[in-house]
Amino acid sequence: MTQQLAPPPPVAPAGTPATRRTVVGILGPMPRYVLKRLGQSVLTVFLTLTTVFVLIRLAPGDPAYAMAGPLASTEDLARIRVDMGLDQSVFIQYLRYLQGLLHLDLGTSYSFQAPAFDVVLDRLPYTITLSVAAIVLTTLVAVPLGVWMARRADTRRELAANAVTIAGQSMPDFWTGLMLITLFAVLVPVFPAAGFTTWSSLVLPTVTIAVLQIALISRMVRREMVGAFASPYVTVGRSRGVSERELIWRYSMRNSAIPVLTALGTRFASMLNGVVVVEVVFAWPGVGSLVVRALETRDYPLIQATVLVTAVLAVVVQLLVDLCYPLLDPRVRLGKGTSK
């Protein structure tokens, strides 16, 4: 008796609901997660700008007085306030600010007499350059150092390295910067002490920032890797003859990468907001030193433009870090937490 074979199921044509469900299954919740995070980011930036707008107007100080000087008359101050739009109520100023924000018109800087947004964009490449150099140096030093400390946990060499990282974590940025200037710009004049004249000017401020970051990140890597080394999969892999290098970098580091990446992303976002102390010490022409000048002169448009640019950069960096999680650990499903 011949067995009858069942006919093959019909193939759904392109564009049918079955095909769309397959595409959605492949993509997963990623698009929905990205849209949700973008909405949260826009709300975060908006609330940040609103808070800064209110706080700088509640802070003591008069922009008109800071611009006119102590010898200005009452009539001069009144005229300057009218020119700045400060004679109107805070609510009207806020509405005008929102209207300009929709067109990326954040007003004219009081101290530079130029569009505030353009002034910030002119300084931004210097801060980005310094931040990228510092985070690259931090990653190249802190990750191997943390792995080295984890492999030698509770030994004398690890305790000595731990003491050095604690010392680096305890030193303030301005003190580290001044010591580096004294050593490598005064006593041994190898690098420039201030400003940005050549690429060698980048060395001292980069090292100043990286000292603290290396101390923080290396201790985190050490803690995560010690836990990974004690995991059962490492023991099983070692019993099967997997090389020590593969156990460290392919298995242990991959399982420890998410918290380390989160820490690096957070530190990088904070650097993009302007490393104020370091930029002031080294006279670095970045956003941090620009903020100091804007606060001294009560330059409202410049402060608000700086906050807008740095807040957008910070949320973009955090979003990119989140999107990298599934690449490091396939068990992570964005929007659903960790599965499987």
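Tyr-126 is partly exposed, with a relative accessible area of 30%. In this predicted model, Tyr-126 belongs to one aromatic cluster together with Phe-196, Trp-199 and Trp-284. The structure holds 6 aromatic pairs, and two of them, along with the chain as a whole, are described below.

**The pair Tyr-126 and Phe-196**
- Phe-196 counts as partly exposed, at 29% relative accessibility.
- The ring centres of Tyr-126 and Phe-196 are 5.7 Å apart and the planes stand at 80 degrees, so the pair is edge-to-face.
- This pair links distant parts of the chain, 70 residues apart: Tyr-126 is in helix α6 (residues 116-151), and Phe-196 is in the loop between α8 (173-187) and α9 (203-229).

**The pair Phe-53 and Tyr-97**
- Among the 6 aromatic pairs is that of Phe-53 and Tyr-97, which is stacked because the ring centres are 5.3 Å apart and the planes are at 25 degrees.
- Phe-53 lies in helix α2 (residues 30-58) and Tyr-97 in helix α5 (residues 90-102), so the pair ties together parts 44 residues apart in sequence.
- Phe-53 is buried, with a relative accessible area of 1%, and Tyr-97 is buried, with 7%.

**Charges over rings**
- The charged end of Arg-57 sits over the ring of Phe-53, 3.7 Å from the ring centre.
- Over the ring of Phe-112 sits the charged end of Arg-293, 4.3 Å from the centre.

**The chain as a whole**
- The secondary structure comes to 14 helices and 2 strands.
- The chain has 340 residues, of which 37% count as buried.
- Of the contacts with a separation of 6 or more, 73% involve residues 24 or more positions apart.
- Carbon and sulfur atoms make up 67% of an accessible surface of about 19600 Å².

Notes. Residues are numbered from 1 along each chain as its sequence is written. This is a predicted model: local features need pLDDT of at least 70, side-chain atom pairs count only at pLDDT 80 or more; totals for chains, interfaces and linings use all residues. Side-chain values use heavy atoms; hydrogens and water are left out. Helices (H or I, at least four residues) and strands (E, at least two) are DSSP runs, numbered from the N terminus. Buried means under 20% relative accessible area, exposed over 50%, partly exposed in between (1.4 Å probe, protein chains only). Contact means heavy atoms within 4.5 Å. Accessible areas come from the Shrake-Rupley method with a 1.4 Å probe; for residues, only the protein chains shown count as cover. Rings of Phe, Tyr and Trp (its six-membered ring) pair if their centres lie within 6.5 Å; planes under 30 degrees apart count as stacked, over 60 as edge-to-face and the rest as tilted. A charge sits over a ring if NZ of Lys or CZ of Arg is within 6 Å of the ring centre and within 35 degrees of the ring normal.
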